[in-house]
Amino acid sequence: MSLVEILLVSFAIFLLIPTLVIFIQIAFASLPEKHKENFLPNLISIAILIPAHNESSGIIATLNSVRPQLRTQDCLLVVADNCSDDTAEIASQHGAEVIVRCDPKNLGKGFALDFGLKYLAKNPPQVVVVIDADCIVEAKALNQLAASALENGRPVQALYLMYAKDINLKSKISEFAWCVKNLVRPLGNANLGLPCQLMGTGMAFPWSTIINADLANGNIVEDMKLGIDLAIAGTPPFFYMGSKVTSYFPLASEALSGQKTRWEHGHLAMIISEVPRLFITGVAKRDINLLAMAFDLVVPPLALLVMLLFGYSALTFIILLTANIGHLAFKLTMYALVILTVGIAIAWWGWGRSIISMRSLLYVPIYVILKFPHYFKFLFKRQKTWNKTERD
C-alpha cells in the first residue's frame with residue numbers, strides 16, 4: 001500500500017470512528033431506560049444558581065418554574081452579571097436572592113458561576129443546581145436531580161431539550177439534531193453505564209465536587225470544559241432522564257446563527273484541545289470513563305459529520321476513477337455513510353417522528369450544504385470569545 005493510500009485510509013478511519021460512536025449510542029438508547037426516581041432527604045439543602053446577563057424578558061418564567069419546588073432550607077440565587085437592564089430588580093421581585101456582578105473585562109457565564117459559588121461558600125449547601133435564565137424546570141425535577149447527585153457523589157446532567165418556535169424546515173432539523181445530541185446519545189451512554197457531557201443547564205453538583213472547579217474563565221463552551229475537568233478529577237458527570245429542563249431556539253435568524261456558532265466552534269475547539277488529554281489520561285489511569293468521554297467528544301456536530309462523509313466519499317470516488325487507488329478508503333467511507341444513515345433512521349423512528357417528517361429529512365443534505373460557510377469560518381475566523389444569545 002502506497003503512502004497516498006495509507007493517508008486516504010487513515011482519514012476514512014478518522015471519519016468512521018465518530019460514526020460508530022453515534023451508532024452505538026443510538027442503539028443502546030433504544031434499550032429500556034434505567035433511571036429511577038430519587039427523593040431528597042428533608043435536612044439536605046440545595047442552592048439553585050441562575051447566572052443572568054440582561055435576562056429581564058424571560059427570567060420570570062424560569063423563577064416561576066423553580067420557586068414552587070423549593071423548601072424552607074433551599075436557596076434561589078440569581079447572579080445579575082454585567083446587566084444593563086432591570087434583571088436584578090425583576091428577579092428580586094419574584095422571590096430570588098440577587099447578587100450583582102460588574103466586571104466588563106471578564107465576560108462569560110463561567111465568571112458569573114464562580115462569583116455565585118464564592119457567595120454561596122459563606123453558607124454552603126449540600127448540592128448546587130445550575131439553571132439558565134431562559135429555561136423552564138419541569139415539576140419535581142430539582143429535588144430528584146439533587147438527590148441523584150447526592151446519592152452518587154457526582155455531577156448530574158438532567159435531560160435538556162430545546163424546541164423550535166418556527167415550523168420551517170431549518171428549525172425542525174435543528175430541533176431533531178438537538179434531540180439526538182442531548183437526549184438520544186447521552187441516554188445511550190447512560191444505558192452503557194458511561195458518563196455524559198455537561199450541557200450548561202439542569203446540572204447538579206455535590207458541593208465538594210464544584211467548589212474547587214476552575215470556572216472563572218471565558219471559555220465559550222464552559223459547560224463542556226467543566227464536565228471534562230471534573231471527569232479528569234475523578235467525578236465524571238452522568239445523565240439522569242428523571243429530570244427535565246426545556247428552552248426554545250431564538251426566532252431571529254441572526255441570534256440563532258450566533259448561538260450555533262458559539263456552540264459548534266466551541267465544540268470543535270474542545271475536540272482539538274481536550275480529546276488528546278482525555279485519551280492520554282484515560283489510558284494512563286486505565287479509566288473507562290475518561291476514554292468514553294473522549295470518544296463522545298470526538299463526534300463533531302452532526303451536520304459537519306454528514307458534510308465530511310459526503311465530501312470524502314465523492315473525493316475518494318474521483319481518485320478511484322482517475323488513479324485507480326483508494327479502494328479501501330472509498331469502501332470505509334461508504335460503510336460509514338450507511339452506518340450513520342441507519343443510526344439516524346433509528347433515532348428518528350424512536351424520538352424524532354413527532355419533530356420532523358421522513359419526507360423533510362430528505363432535505364438534510366441541502367441544509368448541510370448551506371452550513372458550509374459556517375464551518376469554513378472556523379478555520380479562518382473562529383469565534384473565541386463568549387457572547388450572549390439575544391432573546392426574542
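Helices here are DSSP runs of H or I with at least four residues, numbered from the N terminus. The model is a predicted one.

**Surface patch**

Helix α1 is the element that gives the most to a nonpolar surface patch, contributing 3 residues. The patch covers about 540 Å² and is made by Met 1, Leu 3, Ile 6, Leu 7 and Leu 328. Of these residues, Leu 7 has its place in helix α1.

**Helix packing**

| Helix pair | Axis approach | Crossing angle |
|---|---|---|
| α1 (residues 3-29) and α12 (residues 327-352) | within 9 Å | roughly 20° |
| α11 (residues 302-323) and α12 | within 9 Å | roughly 150° |

How do α1 and α12 run relative to each other, roughly parallel or roughly antiparallel? Angles under 35 degrees count as roughly parallel, and the axes of α1 and α12 cross at roughly 20°; α1 and α12 are therefore roughly parallel to each other. The crossing in which α1 passes α12 is left-handed. Sorted by class, the residues in the contact of α1 with α12 are 21 nonpolar and 3 polar, with no charged residues.

For the other pair, the axes of α11 and α12 cross at roughly 150°. The cut-off for roughly antiparallel is over 145 degrees, so α11 is roughly antiparallel to α12. The crossing of α11 and α12 is left-handed.

**Salt bridges**

How many salt bridges does a search of the whole structure find? The search gives 11 salt bridges.

Notes: Residues are numbered from 1 along each chain as its sequence is written. This is a predicted model: local features need pLDDT of at least 70, side-chain atom pairs count only at pLDDT 80 or more; totals for chains, interfaces and linings use all residues. Side-chain values use heavy atoms; hydrogens and water are left out. Axes are lines fitted to C-alpha atoms, for helices over the stretch in contact, and angles run from 0 to 180 degrees between N-to-C directions. Helices (H or I, at least four residues) and strands (E, at least two) are DSSP runs, numbered from the N terminus. Angles under 35 degrees count as roughly parallel, over 145 as roughly antiparallel, 65 to 115 as roughly perpendicular and the rest as oblique. A crossing is left-handed if the near helix is turned anticlockwise from the far one by less than a right angle, and right-handed if clockwise. Ala, Val, Leu, Ile, Met, Phe, Trp, Tyr, Cys and Pro count as nonpolar, Asp, Glu, Lys and Arg as charged, and the others, Gly among them, as polar. Patches are made of residues with over 30% relative accessible area and no salt bridge: like charges are joined within 9 Å, nonpolar side chains (Val, Leu, Ile, Met, Phe, Trp, Tyr) within 5 Å. Accessible areas come from the Shrake-Rupley method with a 1.4 Å probe; for residues, only the protein chains shown count as cover. A salt bridge is a side-chain nitrogen of Lys or Arg within 4 Å of a carboxyl oxygen of Asp or Glu.
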